[in-house]
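Here is my note on the model.

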Amino acid sequence: LRDSQSHRRRDQMASRTKGTTTMEVGADGVAVITLINPPVNSLSFDVLYSLKSNYEEALSRNDVKAIVVTGAKGKFSGGFDISGFGEIQKGTMKEPKVGYISIDILTDLLEAAKKPSVAAIDGLALGGGLELSMACHARISAPGAQLGLPELQLGVIPGFGGTQRLPRLVGLTKALEMILTSKPVKAEEGHTLGLIDAVVPPAELLNAARRWALDIAERRKPWVSSVLKTDKLPPLGEAREILKFAKDQTRRQAPNMKHPLMCLEAVEVGIVSGSRAGLEKEAQVGSEVINLDTTKGLIHVFFSQRGTTKVPGVTDRGLVPRKINKVAIIGGGLMGSGIATALILSNYSVILKEVNEKFLEAGIGRVKANLQSRVKKGKMSKEKFEKTMSLLKGSLDYESFRDVDMVIEAVIENISLKQQIFADLEKYCPQHCILASNTSTIDLNKIGERTKSQDRIIGAHFFSPAHVMPLLEIVRTNHTSAQVIVDLLDVGKKIRKTPVVVGNCTGFAVNRMFFPYTQAAMFLVEHGTDPYLIDKAVSKFGMPMGPFRLCDLVGFGVAIATATQFIENFPERTYKSMIIPLMQEDKRAGEATRKGFYLYDDRRKAKPDPEIKNYIDKARSVSGAKPDPKLEKLSEKEIIEMTFFPVVNEACRVFAEGIAVKAADLDIAGIFGMGFPPYRGGIMFWADSIGSKYIYSKLEEWSKAYGEFFKPCAFLAERGSKGAPLSAPLEQSRSRL
């Protein structure tokens, strides 16, 4: 029966040919099976079935004594090919019960085989790759190889036996840490833990694995089936206590996600009822998590993040990124110093320019503090700190700009100042130099209007703190050359940012999409909703913090400057609240002054402030707003809808205007720029999960009751009236790209 099922599944996959394995049998009697599926030898169904076929052949051949499994081109395997999950979710492929395939191949074939197998690991063994290696009877690794089970961050669980074998090899506590945090360990630590049997130089890896496999076959080394090991498992009572603690922590840290708890259930079944029952439970859970909304969201994010670097008309022209050796940054404030930190950490030579010695010293001091923080946390050695700092030079003029390849302007949001800087840059920088601005809201055409270098002007919008936040908005104008965009995409990749290319408009993509977020919250407060209930509901939804706590964090000065840009450019759809200006008059500026919407103690812990009610009352007297009985008693669901549906509305405008190439880019921009919860898939993905018809009807209802701020845009009205997905491609692209 199992064979016939296997054949049916293989027939299902016949149309997909992705990856393979090869087998070579040496004179020593060792069959070396190599996984081949560039770039990371992912375990597609084709690779798995080819592995099964090679294994069966090796077991049937009399000249084969033992087996070594390895990966091509210095990488063992990056794990199961997640595109298979994407196709299952879209309904383009019937679910092939991945977990049961793993039992067939890894447990009943590899691990139960009468000939021993050894995994020869180089580069990485992640997810299904590590699980495949754990089904072998020993693991030999090259130094520095990464070993881990990162599945939970993709919304799935280790489904190739990882929930059973890892606890038996490294102990329950360490296994849970590796699974729940998705953090890999290096081969050396893996050896200490018992996950790796030996670490050998890369040049000796294959020969060492061959010898080890023959030693097992000839009983000179132990023949270990990791799924049957019990010596590292704690007594049952202790194991249950450990698992209870892990579940409690998981519920606290990921209250909106089910799959981590489902994963822990599989671990627990294996410990309580034995590994075979655990493997069956893992297979069952693995097939269930695929259909969770959170999993669909996380898998969408996985693919969308990898798609941001594909820009039609730019990245499909065969352009090769030019080498950027030296970068100048103008302005050593929080943003400029953060950008400098990100660049020197990736080995770029950086010049930091300021207007005087005092400011320059402070800017370099901030960079130094950023790096020292890494040293304190053990992420950087003192030698590496010194070497990295040596890449940074200070300057008070433009003389040292004559050989730079890129300049990033990061001064305050003042148009005339930025215009003067760009006019000066044109005089001092070489002709090939990229002229970038870190402006968060100002139109790039205005910034560069005094120059003749429109083709090399581009936005490089980092998010604060720039050396930590993962998003880089690359903003192009109608004049920016494709080569400059390709160059900046390459820099973004090298400094480990997720770059999203967007068109030029006030606020670009992230700030423009989310300006209604704070304004909607202000509207609700002035009409009777408790600000602290709004923050609580929004945090529970999955945002890092609510809109009022965020205002305190960024500071009221920044909040007003940003809001002013939108009020000037989109006056017909902004909600003008006086709450923050009134608080500023009383010297409240947010967390920095320990007084904002919250009060802050010495440790910057926030607590609600009863005085806020007075400012709300004063703001109402200015705006004429009155408490609305309906809005005073909103449920958490209604708070989320009234806060985020205006964001969806603005995202639709951004998409319809062609500021973003595709809706998925807006999803990634919102997640990495504003902290929108990844497991909800991004703002457009989330909106489609609710339905355009419902969102349109609610916005229409609110606009009739409360005014233009909530009025659905033409794009949303058109798609909402038909119930069409908001993220479907535009029929006629009017992209500014």
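Where do Arg 620 and Asp 617 lie, and how many residues apart?

1. Both lie in helix α25, 3 residues apart, about one turn of the helix. Helices (H or I, at least four residues) and strands (E, at least two) are DSSP runs, numbered from the N terminus. Arg 620 forms a salt bridge with Asp 617, with the closest N and O atoms 3.2 Å apart. A salt bridge here is a side-chain nitrogen of Lys or Arg within 4 Å of a carboxyl oxygen of Asp or Glu. Arg 620 is buried at 16% relative accessibility; Asp 617 is partly exposed at 31%. Buried means under 20% relative accessible area, exposed over 50%, partly exposed in between (1.4 Å probe, protein chains only).

2. Basis of the values. This is a predicted model: local features need pLDDT of at least 70, side-chain atom pairs count only at pLDDT 80 or more, and totals for chains, interfaces and linings use all residues. Residues are numbered from 1 along each chain as its sequence is written, and side-chain values use heavy atoms, without hydrogens and water.

3. The salt-bridge rule gives a count of 41. One of them joins Glu 650 and Arg 512 at 2.8 Å, N to O. This pair links distant parts of the chain: Glu 650 sits in helix α27 (residues 636-656), Arg 512 in helix α20 (residues 510-526), 138 residues apart. Glu 650 is buried, with a relative accessible area of 1%. Arg 512 is buried, also with 1%.

4. Glu 611 lies in the loop between β19 (606-608) and α25 (612-623), and Arg 588 in the loop between α24 (579-585) and β18 (598-600). Glu 611 is partly exposed at 40% relative accessibility. Arg 588 is buried at 3%.

5. Helix α4 (residues 98-111) is largely enclosed by the rest of the structure, because 12 of its 14 residues are buried. Among them are Val 98, Asp 104 and Glu 111. Helix α2 (residues 45-60) has 16 residues and reaches 23 Å from first C-alpha to last, close to the 22 Å expected. The expected span is 1.5 Å times one less than the number of residues.

6. Ala 436 is in strand β14 (residues 434-437). At 0% relative accessibility, Ala 436 is buried. Beyond four places in sequence, its contacts (heavy atoms within 4.5 Å) include Val 407, Phe 422 and Ile 458.
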